[in-house]
Amino acid sequence: MPILTRRTLLKASAAAAGGFGLGAMGNMVSAALAVPDPEILRTTKTTARLTEAEPTRDVLTYGEAGMPPVLHMTKGKPFAARLVNGLDEPTTIHWHGMRVPNKMDGVPFMVQPYVYTGDHFDYAFTPPDAGTFWYHPHCNTLEQMGHGLTGVIVVENPDDPRFDAEVVLNLRDWRLGGDGQFIAQFRPRDAARSGTYGTVRTANWQMEPQYDAPAGGLVRLRIAVTDVTRIHALTLEGAAADVIAIDGNPVPQRFALDMVRIGPGQRLDLAVRMPDEEGAVVTLRDVRGTKKAALATLRATGSSLKHELRDLAALAPNPVPAPDVAAATHIPLALSATAENVAANSICGSLGYSFWAINKVPWPGDTSDPTAPLAELKLGKSYVFDMENLTPHAHPIHLHGMSFTVLSSSAGPVMPLVSDTYLLQPDEKVQLGFVADNPGDWLLHCHIIEHQKTGMTSYVRVA
């Protein structure tokens, strides 16, 4: 979960694809729902011009070339996609932040077989929530994501307020040398700390792209941090903006953007009021750390529409069940470093190290014999994660398949945000409440991928 600073405060099987719960999971979706023709997502090795140097080789994408497509879905309507693997190694797709059926979650060994070269896998589900989400592999994750396999998902709600324009930004780094070619994706000494940062920063695979938007208009700016390491502190210069959603869910109360910190895996939706003057430029910046950067710009065009943020209606909440905190069972979770040891080998990739642990247990890797679950949860019951970060580094912790509500933090007052990823600060203690409303085995892991792949991963079982 981001720290909010405001100076004032498919076919796994036909049955698996069709039947799953929405909201409290009491309303079952019929398998008889008509499934549309699948979107073909073919993994491909390509080249891309990411810097002023020579085009970068061995870039990975979904499709023929260019950035993975923004997938558009509609809340409550069936969606289907066919993953066709054109890589020379196995892969899968995980639908990050989406409350999909367990068999559609894309985690190899745990919920589905990995997809070999030349094979395909059919995904089918009905998105229960509107918002901004994203998709990526869960096999050889650091290499595949680091080479480009990260795409944004927009799930639309026809009842959402109308904007004058919409811009979607996929924020990610690339580890490239001066010749524009890939260098080693990680360094062990950095993996044991905050992670190995990229050398080239892009939005939509471009350095500081500019997009036109109507002067005096309202723009929905959808931002997804699909990077494997970098935590952003985002500000906007040149225009007023309200934060309207975080991690796919509307915020309990809209607030003016000052600075929002979000980590890998997280999303931020802004309502931006463009300047009235044609040609005026609005700049999205990352002001975290010593290497501050302009990420993208919006340019006002045409005569002013003279629309105002105060006239924008609120987003409708998603049907995420509220936990019964008084009756909830508490689950302690301690994030820590661990004694270095060699991780188990895996067909889905291992970094060869174990640096991190949850409740003193480092994840052994993607194997057919994982560790025991952190907890076995009863379907429909409320739970609270009592999570504590015992390390000097921040960790964006992501829960698959379910959404939680932020209840409290030792770092100070929090909004009761509904989310799937919480950015836990060093030494922070936080309480995250949720209803175990989706049956199956669900990963819980740090979304700094080096941390995930070197031990900071586990899972819960809902039955």
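**Strands, salt bridges and ring pairs in a predicted model**

Five strands make up an open sheet in the order 25-33-32-27-30, and their pairing is mixed. Strand 25 (375-377) and strand 30 (421-424) form the edges; each has a single partner strand, so one side of each has no neighbour in the sheet. On average, and with direction ignored, neighbouring strands of this sheet are turned by 20° against each other. The model is a predicted one. Inside the sheet, strand 27 (residues 395-399) pairs with strand 32 (residues 440-446) in the antiparallel sense, over three bridges. His 398 has His 445 of strand 32 as its bridge partner.

Asp 437 lies in the loop between strand 31 (429-435) and strand 32. The side chain of Asp 437 meets that of Arg 99 in a salt bridge, 3.3 Å from N to O. Arg 99 belongs to the loop between strand 8 and strand 9, so this pair ties together parts that are 338 residues apart in sequence. How accessible are the two partners? Arg 99 counts as buried at 1% relative accessibility, and Asp 437 counts as buried at 2%.

Asp 129 is buried, as is Arg 99.

The structure holds 20 salt bridges. One of them links Arg 254 and Asp 242, whose closest N and O atoms are 3.6 Å apart. Arg 254 is in strand 18 and Asp 242 in strand 17, so the pair ties together parts that are twelve residues apart in sequence. Arg 254 is partly exposed, with a relative accessible area of 27%, whereas Asp 242 counts as buried at 14%. Salt bridges also link Asp 160, Glu 166, Arg 220, Arg 222 and Asp 269 in a network.

Six of the seven residues of strand 17 (residues 240-246) are buried, so the strand is largely enclosed by the rest of the structure. Strand 17 pairs in the antiparallel sense with strand 18 (residues 249-256) over four bridges, and with strand 20 (residues 267-273), also in the antiparallel sense, over six bridges. Asp 242 stands opposite Ala 256 in strand 18 and has Ala 271 as its bridge partner in strand 20. Strands 17 and 18 form a hairpin with two residues between them, and Asp 247 in the turn has a positive phi of about 55°.

The whole structure contains 13 aromatic pairs. Tyr 114 and Tyr 116 form an edge-to-face pair, with 4.9 Å from centre to centre and 90° between the planes. Tyr 114 counts as buried at 18% relative accessibility, while Tyr 116 is partly exposed at 39%. The rings of Trp 174 and Phe 182 make a tilted pair, because their planes are at 45°, with centres 6.3 Å apart. Trp 174 is buried, with a relative accessible area of 0%, and Phe 182 is buried at 19%. The charged end of Arg 172 sits over the ring of Trp 174, 4.1 Å from its centre. Elsewhere, ring pairs link Tyr 62, Phe 79, Trp 95, Phe 121, Tyr 123, Phe 125 and Tyr 135 into a cluster.

Technical notes:
Residues are numbered from 1 along each chain as its sequence is written. This is a predicted model: local features need pLDDT of at least 70, side-chain atom pairs count only at pLDDT 80 or more; totals for chains, interfaces and linings use all residues. Side-chain values use heavy atoms; hydrogens and water are left out. Two strands pair if DSSP finds at least two bridges between them. Axes are lines fitted to C-alpha atoms, for helices over the stretch in contact, and angles run from 0 to 180 degrees between N-to-C directions. Rings of Phe, Tyr and Trp (its six-membered ring) pair if their centres lie within 6.5 Å; planes under 30 degrees apart count as stacked, over 60 as edge-to-face and the rest as tilted. Buried means under 20% relative accessible area, exposed over 50%, partly exposed in between (1.4 Å probe, protein chains only). A charge sits over a ring if NZ of Lys or CZ of Arg is within 6 Å of the ring centre and within 35 degrees of the ring normal. A salt bridge is a side-chain nitrogen of Lys or Arg within 4 Å of a carboxyl oxygen of Asp or Glu.
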